[in-house]
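Colleague: I would like a close look at one part of this model, taken slowly. Please start with a pair of packed helices and then move on to some single residues.

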Amino acid sequence: MNISKKQKSILIILVIGTFLGFLNQTLMNVALPNIMHEFNIGPGLGQWMTNGYMLVNGVMVPLTAFLIQRLTTRRLYLTAVGLFAIGTLIAGFAPNFTILITGRMIQAMGAGVFGPLMNVIVMNLFAPDKRGGAMGLIGLALNFAPTLGPTLSGFIVTNLSWRFLFFIVAPLIIADFILAYFLLQNIGEQKMLKFDFIGVVLSSIGLGSLLYGFSNAGATPWSEFTVWGFIIIGIIVTALFIWRQFSTKTPLLNMAVLKQREFVIAMLINIVLMIAMYGGALMLPLYMQTIRGASAFVSGLVLFPGALVTAFLSPWSGRLYDQYGVKYLTLIGILITAVGTIVLASLTLTTPLWFAVVGQFIRQLGLVLVLMPIQTEAFNALPLALMPDGSAMFTTVRQIAASFGTAALVTIMTRSSLSYAKTHASTLDVLIQLHGIKITFLTAAALMLVGAALTLLFRNKAPRDFI
């Protein structure tokens, strides 16, 4: 992809920040037992290491649509990177769990800006026939980072303190701040928009409740108020937020993006992919550590080849999108992902570990052909004036789907295991758990087929420009 020196420097700055932001979503999972032991806390409180980060991150995204248009690119990015750096240092030196969570949430305030801002800048910076290649490079951050997180975390926690998860990130994000300060230029036009305070309150309560409810659902029975109660509150308040966006003259998020057919199709496919991808990705570490008794580090190594294929092929998938469009590329990618998921569903107590590596590798190979082309297609369907709103909408839905997918598939695993235990009373516990994991993988594969069917709704066309 031929890009100017200016475009290259801006792209590098954005990819570094976004990579570190997405890396932090999964970096804490493996380290959680060590943190719980050091601060003498239980799993219910410990889960806020991840849930709190995702919650604040998700709440920030709709607000980012307003901030992108109201503030200059440079000021907004430097503020976001600065917040992320401050949060990282606070968490790294935290003397207690309360300070640690505070640092994580400050991190999330900055990270919530990275993804939507990056999407908008790329769409403004590149012509439609070059956007696929640019978004492919961005796929390094969006898709490689969350997969790399458990492997990197397992290595660091095994050999160093969990605090080094922050100490390693801190100099990288500070370096990105320095690069942005000297090299990042303003992109697009600044607009003097009015601030929709009621919209911010409604979106924060609505999306926050949804994400909190779904996050709890992974480890808490759905009959608990902390699950169904917050989900219902989230649905009601989010519905009020959507109604307000249609009725007010100064919406926080412009719902006109939903009138664009290709955008809606891409978003629906992305929902299916996020449910299957995040929920399914949780199953393999559970299989490795709970069923096979492997260490967190070995579990991370099984995921690592899939992370590498994501890193190497993300730019390539973007170029394929620029050349062939979205329809058949996405269909092929989803079917490959389904095959990899079915391979993982065939794991047993004695399956060689390389077989799990192959299954995960195939899954990631398929996903890398889908995720960034789908996102690029969604944004190419929008005029530049709607890009901030479209980016915020797409990112918000992505996070809710990931949170819901994890909760839903964990519930399927738990329910199927309990059902199997009732009819196979003398079966070993590991076989009961393995049955639940198998059913969950098969469910994820079935969801992939739903996504494959949705790709047929796309018009097979090359990316086009907008007037």
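Which residues in α1 meet which residues in α8?

Modeller: A caution before the residues: this is a predicted model. On the α1 side, the residues that meet α8 are S9, I13, I16, G17, L20 and N24. Their partners in α8 are V169, L172, I173, D176, L179, A180 and L183. Two packed helices are described by the angle between their axes and the distance between the axes. Here α1 spans residues 5-26 and α8 spans residues 164-183, and their axes come within 10 Å and cross at roughly 150°. Angles over 145 degrees count as roughly antiparallel, and α1 and α8 are therefore roughly antiparallel to each other. The crossing in which α1 passes α8 is left-handed.

Next comes α2, which covers residues 32-39 and has L32, I35, M36 and F39 as its buried residues. These four lie on the same side of α2 because they cover an arc of only 100° around the axis. P33 and H37, on the other side of α2, are exposed.

N40 follows α2 and is found in the loop between α2 and α3, the latter being residues 43-46. Most residues other than glycine have a negative phi. N40 is not a glycine, yet its phi is positive, at about 55°. The cut-off for an exposed residue is over 50% relative accessible area, so N40, at 71% relative accessibility, counts as exposed.

Two threonines can be taken together, starting with T351. This residue is found in the loop between α13 (327-345) and α14 (353-368). Buried means under 20% relative accessible area, and T351, with 9%, is buried. A polar atom of the T351 side chain lies 2.7 Å from the backbone nitrogen of T348. Leaving aside neighbours within four places in sequence, T351 is in contact with Y287, R292 and S346.

The other threonine, T330, has its place in helix α13. Its relative accessibility is 0%, so T330 counts as buried. Not counting residues up to four places away in sequence, T330 touches V370, I374 and T455.

To go back to the opening question, the α1 side of the pairing includes I13, I16 and L20, and the α8 side includes L172, I173 and L179.

Technical notes
Residues are numbered from 1 along each chain as its sequence is written. This is a predicted model: local features need pLDDT of at least 70, side-chain atom pairs count only at pLDDT 80 or more; totals for chains, interfaces and linings use all residues. Side-chain values use heavy atoms; hydrogens and water are left out. Buried means under 20% relative accessible area, exposed over 50%, partly exposed in between (1.4 Å probe, protein chains only). The arc is that of the directions from the helix axis to the C-beta atoms. A polar contact is a pair of N or O atoms within 3.5 Å; within protein, one must be able to donate a hydrogen and the other to accept it, and residues adjacent in sequence count only if both atoms are side-chain atoms. Contact means heavy atoms within 4.5 Å. Axes are lines fitted to C-alpha atoms, for helices over the stretch in contact, and angles run from 0 to 180 degrees between N-to-C directions. Angles under 35 degrees count as roughly parallel, over 145 as roughly antiparallel, 65 to 115 as roughly perpendicular and the rest as oblique. A crossing is left-handed if the near helix is turned anticlockwise from the far one by less than a right angle, and right-handed if clockwise.
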